Amino acid sequence: MKFNFDEIVERRGTGCVKWDECPSDAVIPLWVADMDFKAAPAIREAVRQRAEHGVFGYTVVEEPYYEAVISWFQRRHQWTIHREEILYTTGVVPAMSVAIKALTMPGEKVLILSPDYNCFFSSIRNNGCEVLETCLSLCHSNNNRRFEVDWEDFEAKCADEKTTVFLLCNPHNPTGRVWTKEELSRMNDICMKHGVKVVSDEIHCELVMPGHTFQPFAAVSEACRENSVILNSPSKSFNIAGLQTANIICVRPDWRRRLDRAININEVCDLNPFGPVALMAAYNESEEWIDELNQYLWGNYEALCAFAKEHLPAWRVMSLEGTYLPWVDITATGLSSQAYADLLLQEAKVWVNPGTMYGKESGEGYIRLNIACARAVLMEALERIGKVE
């Protein structure tokens with residue numbers, strides 16, 4: 001490999017959420033979705049050059065920024081985006097709140113596929129709406145354990161007259177699903193039948209494992225394009241979340257006006273000087289880096305599966321199609337998700353997320369791991385867990 005993902009970067013003492021919020025220096029954090037790898041060289045160089053200027057005032061987002069977004073998604077995902085369809089903001093979670101504020105009225109219901117990213121719950125509730133969950137179904141196929149949509153329940157929830165928005169996670173966090181074109185099309189058909197708008201969080205779109213292809217929701221069909229608001233950012237894939245830049249993409253002028261208004265109401269309308277240069281370096285110069293990253297993450301996932309098979313008989317690791325966040329069934333331990341996560345933190349000194357963070361009922365019996373770290377660190381964490389088991 002051209003890039004060294006085995007390098008162990010010391011992050012303690014840098015104001016790092018992942019490492020500096022650990023209860024002790026003995027803990028290995030496999031929790032928050034933050035990679036331990038250095039950003040791509042082109043990104044680091046772009047940020048360095050911008051820092052050398054020495055003045056960090058209010059920032060104008062100029063045309064090369066939009067050109068980088070448009071070019072990336074066209075060549076990488078065959079999705080044509082037009083300049084006027086892009087609204088920038090500080091992050092995908094703020095963008096999510098913007099979309100909910102713009103497209104709903106307080107008291108309405110927002111549908112999600114549960115278990116789901118924990119910020120979905122808070123963003124919906126913070127905007128005065130009700131969370132409506134349709135639980136994913138666990139399926140077994142060709143020795144794969146993965147989740148699928150319960151289409152009957154999905155349609156029943158869309159048919160609820162109070163349901164006005166479907167908030168989709170594509171690829172899905174925490175189950176690791178990369179939704180197919182056929183699945184996305186069916187989601188939209190049902191949503192349009194019942195007058196439900198789609199907001200698709202696609203922050204993990206570049207983190208896709210071998211044998212799978214990310215499908216942008218808006219590129220499925222013209223109907224999907226017209227009925228959706230897309231949220232994306234290079235932050236998760238290129239490990240630049242702290243530089244805070246994201247985009248809302250929407251083809252409909254009437255929805256864009258409402259989105260733009262909500263961006264300003266929420267006061268998330270300004271980017272810092274480093275976000276735009278990092279985005280341009282990511283999308284214009286770092287494609288080789290992201291390809292190698294995905295290869296390395298897949299190697300980590302294979303190492304996890306092999307270790308679990310031999311040393312952790314109570315674990316059932318779900319198939320990982322996208323993200324770097326394996327979802328693990330731990331019901332055979334006899335412990336609740338929270339009790340098992342607490343046990344690992346206290347006895348193994350490994351911090352994982354209990355599945356109930358992502359749905360009190362749908363997440364029970366699961367934990368979520370973050371494998372975006374040097375393989376040696378991952379294996380040390382697994383060895384510790386193996387001793388507790």
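**Salt bridges and pockets: a short tour**

By salt bridge I mean a side-chain nitrogen of Lys or Arg within 4 Å of a carboxyl oxygen of Asp or Glu. Arginine 11 sits in the segment before α1 (17–20) and aspartate 36 in the loop between β1 (28–29) and α2, so this pair ties together parts that are 25 residues apart in sequence. Helices here are DSSP runs (H or I, at least four residues), strands likewise (E, at least two), and both are numbered from the N terminus.

Before I go on, a word on the model: it is predicted, so local features need pLDDT of at least 70 and side-chain atom pairs count only at pLDDT 80 or more, while totals for chains, interfaces and linings use all residues. Residues are numbered from 1 along each chain as its sequence is written, and side-chain values use heavy atoms, with hydrogens and water left out.

Are our two partners buried or exposed? Arginine 11 is buried, at a relative accessible area of 16%, and aspartate 36 is buried too, at 9%. Buried means under 20% relative accessible area, exposed means over 50%, and partly exposed is in between, using a 1.4 Å probe and protein chains only.

How many salt bridges are there in the whole structure? A search finds 24. One of them joins arginine 75 and glutamate 287, at 3.1 Å from N to O. Arginine 75 is in helix α3 (residues 63–77) and glutamate 287 in helix α11, so distant parts of the chain, 212 residues apart, are linked. Arginine 75 is partly exposed, with a relative accessible area of 35%, and glutamate 287 is partly exposed at 25%. These two also belong to a network of salt bridges that links Arg75, Arg76, Glu206, Glu287 and Asp291.

For a local example, take lysine 157 and aspartate 153, whose closest N and O atoms are 3.1 Å apart in a salt bridge. Both lie in helix α6 (residues 151–159), 4 residues apart, which is about one turn of the helix.

Now for a lysine without a partner. Lysine 236, in the loop between β9 (228–232) and β10 (246–249), is buried yet has no salt bridge. Which side chain of opposite charge is nearest? That is aspartate 34, 7.7 Å away; Lys and Arg count as positive, Asp and Glu as negative, and His and the chain ends are not counted. Beyond its neighbours within four places in sequence, lysine 236 is in contact (heavy atoms within 4.5 Å) with residues including Ala33, Met35 and Tyr324.

Finally, the pockets. A pocket is an open set of points on a 1 Å grid over the protein atoms alone, where a 1.4 Å probe fits, with protein on both sides within 12 Å along at least five of seven lines; lining residues have an atom within 4 Å of a point. The largest pocket holds about 1000 Å³ of space, a volume being the space filled by probe spheres set on the points, with grid points joined across faces, edges and corners. It is lined by 44 residues, and the closest to its centre are Ala33, Asp34, Ile240, Ala241 and Gly242.
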